[in-house]
Amino acid sequence: MMMDVVNSQLGIEWIFLILLGVSFVAGFIDAIAGGGGMITIPALLLCGIAPINALATNKLQGTFGALTASIAMLRKRIIHFSQVRITALFAFLGSVIGTITVQFIDSNQLSFVIPIVLLLIALYYLFNRSIGQIESKPRVSDKVYQTTVIPAIGFYDGFLGPGTGSFFALANVALKGMDLVRATAASKVFNLATNIASCLLFIMGGKVIWSIGAVMIVGQMTGAYFGSRLLIAKGASFIRPMVVITCFIMLARYMYNYF
């Protein structure tokens, strides 16, 4: 089954080893700033894995990384599940719709919006040095946030995906007035919900390569564990530059692909 969707001159042992290392780095970055998919998806494709299987397998391993980061945040009581469960449900629903939609529409037609949004996020964090240092008054109600903003980001994750964690965190800070650490912690739970939605649909469609996914889950969870510990220890002063750097790296990659 696996060799039917993998076309590579590399031996399977080398593929496993490479993807284990890549998923560790991606999990570490994802736990702090998001954007790990910008590493894992190209790695999967370079190993000769068919695009649809690469997307599906990436969602599988990313789900476990988000789960690890979410558990770390909840155990440290940076956030409480009762505070995020309803919002996470709306993120889940948005991702379901996005994942279904992408089966019928070429996502490449809308991929031009990704570098624009990444640039705006990077500039927002770069020039707002005090962003998220303390909590502030929410700019939108819970109802509006849960039924419009969160499902929209969830839809994006199911449809396109890169940078979703950064989008959730920024929305939590800019619209709900959270401090940056709590905003990032909540974004992990929301991202977990969107990943679960997409992953379930890919599994139902038989697109996941389980052997490769299992190897990457180990790397992803390990990286997410250490990334979460560093995020909790360093706080907002560490998160902000990491988000800026990650956004600019993702932006550079998109520019390289286009030009």
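Phenylalanine 159 counts as buried, at 7% relative accessibility (buried is under 20% relative accessible area, exposed over 50%, partly exposed in between, with a 1.4 Å probe and protein chains only). Before going on, note that this is a predicted model, where local features need pLDDT of at least 70 and side-chain atom pairs count only at pLDDT 80 or more, while totals for chains, interfaces and linings use all residues. Residues are numbered from 1 along each chain as its sequence is written, and side-chain values use heavy atoms, with hydrogens and water left out.

**Aromatic pairs**

There are four aromatic pairs in the structure (rings of Phe, Tyr and Trp, the last by its six-membered ring, with centres within 6.5 Å; planes under 30 degrees apart are stacked, over 60 edge-to-face, the rest tilted). Here are two of them:

| Pair | Centre to centre | Angle between planes | Kind |
|---|---|---|---|
| Phenylalanine 155 and phenylalanine 159 | 5.7 Å | 10 degrees | stacked |
| Tyrosine 156 and phenylalanine 167 | 5.0 Å | 55 degrees | tilted |

Phenylalanine 155 is partly exposed, at 32% relative accessible area. Tyrosine 156 is buried at 12%, and so is phenylalanine 167 at 10%.

**Around threonine 99**

Phenylalanine 159 also turns up beside threonine 99, which contacts Gly158, Phe159, Ser198 and Leu201 once neighbours within four places in sequence are set aside (contact means heavy atoms within 4.5 Å). Threonine 99 belongs to helix 5 (residues 81-101) and is buried, at 1% relative accessibility. Its side chain makes a polar contact of 2.7 Å with the side chain of serine 198 (a pair of N or O atoms within 3.5 Å; within protein, one must be able to donate a hydrogen and the other to accept it, and residues adjacent in sequence count only if both atoms are side-chain atoms).

**A pocket**

The second largest pocket holds about 280 Å³ of space (an open set of points on a 1 Å grid over the protein atoms alone, where a 1.4 Å probe fits, with protein on both sides within 12 Å along at least five of seven lines; lining residues have an atom within 4 Å of a point). Helix 10 gives the most to the lining, six residues.

Note on methods. Grid points are joined across faces, edges and corners, and a volume is the space filled by probe spheres set on the points. Helices (H or I, at least four residues) and strands (E, at least two) are DSSP runs, numbered from the N terminus.
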